[in-house]
Amino acid sequence: MRIGTDGSFELTYCTNIHPGNGLQEVLANLRNYAPALRERLAPDKPFGVGLRLSGRESSELLQDDRLQRFKDLLDEHGLYVFTLNGFPHGPFHRQAVKADVHAPDWRSEERVEYTVRLAEILAYLLPEGSDGGISTSPLSYKPWVGHGDVTVWKRVTHQVVRVVEALVRLRDSGGKLVHLDIEPEPDGLLENSVEVVRFYEEWLLTAGAQQLAGSTGVSVEEARALLLDHVRVCLDTCHMSLAYEDPGPVLDRFEEAGIRVGKVQISSALKAILPAGTAWRETLERSLLPFAESTYLHQIVQRNRDGTLKRYHDLAGNISRVHDADAEQWRIHFHVPIFVKRYGEFYSTQDDIRRVFDLLRRRAFCRHLEIETYTWEVLPPDLKLDLLESIHREYTWVRDAFA
């Protein structure tokens, strides 16, 4: 679905919201939702899909003639794919995911092989003249990595460059530009814009450029240009809010380093304002209990009255810390519906989405937008609605807010 005054922004939703394991369930979810959404939102126009494929599903899709049959299915329903979610490798619903969402991380062979499979799939599915992005994990999970472990940084840089080598070959053979979009994440090895820039400047554009130059036969300067073309950032608005980052300075920081944004994921975090006194905090403590569910990590980033930040790895087990007298605000990594600004005692970070939209209109720093509220199954009951109606409502909120 295209939005904006000139229709130059492509809007989709990520199919990671649908429970299901295996290619047949992916196909069933696609048939059940995408054509109905197209009919409601953009009848008689091509309708973009943000496709999520697990490691297993990416292998299944590349067997026999399944990829061509998948493309035929998309064509039949007026659908096309311009972005893939390659962050979660395994099952993503109806079982504990927690920190395993980062596994395998970028030290592993399977992360490389999985991402290359996704690149092959996306290059095949992309419409002519379009580029496409694959969002991926923030390299690893911080608690798994020793502080300052140089061997880890060398390894993940080496592995990312191996994927870029494959992306360069794909572009040379078929003309399709596919980029890897690294997604900063709470507790990720890359958690905020400062850490992203540091990775580029200290590793990717130095040792990584030397590696790519050696494997492709181009100069180091040309290798840096290829890396900046093929390795971009997935800017998730929920994650940016959790880092208490202002989108304007974030974009300025990226631009100064030559880093591009490959995809904006539109999502909201849960926000709690913590006034002094105990009565209101006791109410908040009770109201937070339904959000402490067992499937995903829901990190807390606490802003103290002196402006410092304090982090907790998960809401579960830490709700009582809402009584910390130094705390003035909690932001919780729980992707709540983007069309709701306030519910009960809580707020969302919807205002940060609006700030990003304003920058998109003025600076057009990215053309690919993806709604990524994946928590419908684990929301408290009073926030749950029919899934098709919920997705439709998110689309219409974005369209109206972006106008």
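Helix α13 buries much of its length: Leu 387, Leu 388, Ser 390, Ile 391, Glu 394, Tyr 395, Thr 396, Trp 397, Val 398, Ala 401 and Phe 402 are buried (under 20% relative accessible area with a 1.4 Å probe, protein chains only; exposed is over 50%, partly exposed in between). Keep in mind that this is a predicted model, where local features need pLDDT of at least 70, side-chain atom pairs count only at pLDDT 80 or more, and totals for chains, interfaces and linings use all residues. Residues are numbered from 1 along each chain as its sequence is written, and side-chain values use heavy atoms, with hydrogens and water left out.

Helices (H or I, at least four residues) and strands (E, at least two) are DSSP runs, numbered from the N terminus. At its N-terminal end, α13 is capped by Asp 386, with a side-chain oxygen 3.2 Å from the backbone nitrogen of Leu 388.

Now to the pockets. A pocket is an open set of points on a 1 Å grid over the protein atoms alone, where a 1.4 Å probe fits, with protein on both sides within 12 Å along at least five of seven lines; lining residues have an atom within 4 Å of a point. The volume is the space filled by probe spheres set on the points.

| Largest | about 320 Å³ | Lys 142, His 147, Gly 148, Trp 153, Leu 189 |

The lining of the largest pocket divides into six nonpolar, three polar and four charged residues, and helix α6 (residues 193-204) gives the largest share of it, five residues. For the second largest pocket, the lining has four nonpolar, four polar and five charged residues.

Next comes an open sheet of six strands, in the order β11-β10-β12-β9-β14-β13 with antiparallel pairing (two strands pair if DSSP finds at least two bridges between them). Strands β11 (309-312) and β13 (342-343) stand at the edges with a single partner strand each, so one side of each has no neighbour in the sheet. Inside the sheet order, β10 (residues 300-304) and β12 (residues 327-336) pair in the antiparallel sense over five bridges, and Val 301 has Arg 331 of β12 as its bridge partner.

Ser 348 belongs to strand β14 (residues 346-348). Ser 348 counts as buried because its relative accessibility is 5%.

Notes. Ala, Val, Leu, Ile, Met, Phe, Trp, Tyr, Cys and Pro count as nonpolar, Asp, Glu, Lys and Arg as charged, and the others, Gly among them, as polar. A polar contact is a pair of N or O atoms within 3.5 Å; within protein, one must be able to donate a hydrogen and the other to accept it, and residues adjacent in sequence count only if both atoms are side-chain atoms.
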